[in-house]
Amino acid sequence: MKGCINIKDKHLGHLQTLNLTTLDLTFCEDVTDAGLSFLQKLPLRELYLNNCHRITDAGLFLLQKLPLRELYLNNCRRITDDGLAHLNMLLEILDLTLCEGDRKSTRLNSSHSSVSRMPSS
């Protein structure tokens with residue numbers, strides 16, 4: 001679905017019966033937290049929400065029970081540290097490049113329980 005600019009929250013409801021393990025919603029700018037609620041029962045291991053500017057901390061709360069291993073939130077500027085606190089799952093990759101304005105790019109490898117900062121470009 002990457003780059004499908006016409007994808008709306010209601011369309012994500014049609015995915016609920018699928019056995020998806022990877023979903024790429026990059027540049028689906030009309031997807032909001034309400035749309036993420038439709039993903040709660042999917043067996044997603046990889047989720048790409050890059051440039052989904054309407055996703056907030058509340059949306060991350062809705063994802064906390066997913067079996068995610070990789071979560072990509074590049075340029076999701078409404079995500080804060082408070083929202084990231086909801087992600088108590090064992091992520092292998094959490095990519096926050098360009099999140100929260102001037103925030104430094106962060107890549108988390110929780111299998112090693114470490115956070116490393118990458119230089120901003």
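So, Glu46 first: you'll find this residue in strand β2, which covers residues 46-48. Keep in mind that we're looking at a predicted model.

Is Glu46 buried, exposed, or partly exposed? Its relative accessible area is 23%, so Glu46 goes down as partly exposed; the buried label needs a value under 20%.

Okay, who does Glu46 meet? If we skip residues up to four places away in sequence, Glu46 touches Thr21, Thr22 and Leu23, and also Leu68 and Glu70. Let's pick Leu68 from that list. Along the sequence, Glu46 and Leu68 are 22 residues apart, and in space their C-alpha atoms sit 5.8 Å from each other.

Now let's move on to Asn50. Where is this one? Asn50 is in the loop between β2 and α3, and α3 is 57-62. Its relative accessibility is 10%, so Asn50 counts as buried, because the cut-off for buried is under 20%.

And what does the Asn50 side chain do in there?

Leaving out residues up to four places away in sequence, Asn50 touches Leu25, Thr26 and Phe27, plus Tyr72, Leu73 and Asn74.

So, to recap: Glu46 is partly exposed, while Asn50 is buried.

Key:
Residues are numbered from 1 along each chain as its sequence is written. This is a predicted model: local features need pLDDT of at least 70, side-chain atom pairs count only at pLDDT 80 or more; totals for chains, interfaces and linings use all residues. Side-chain values use heavy atoms; hydrogens and water are left out. Helices (H or I, at least four residues) and strands (E, at least two) are DSSP runs, numbered from the N terminus. Buried means under 20% relative accessible area, exposed over 50%, partly exposed in between (1.4 Å probe, protein chains only). Contact means heavy atoms within 4.5 Å.
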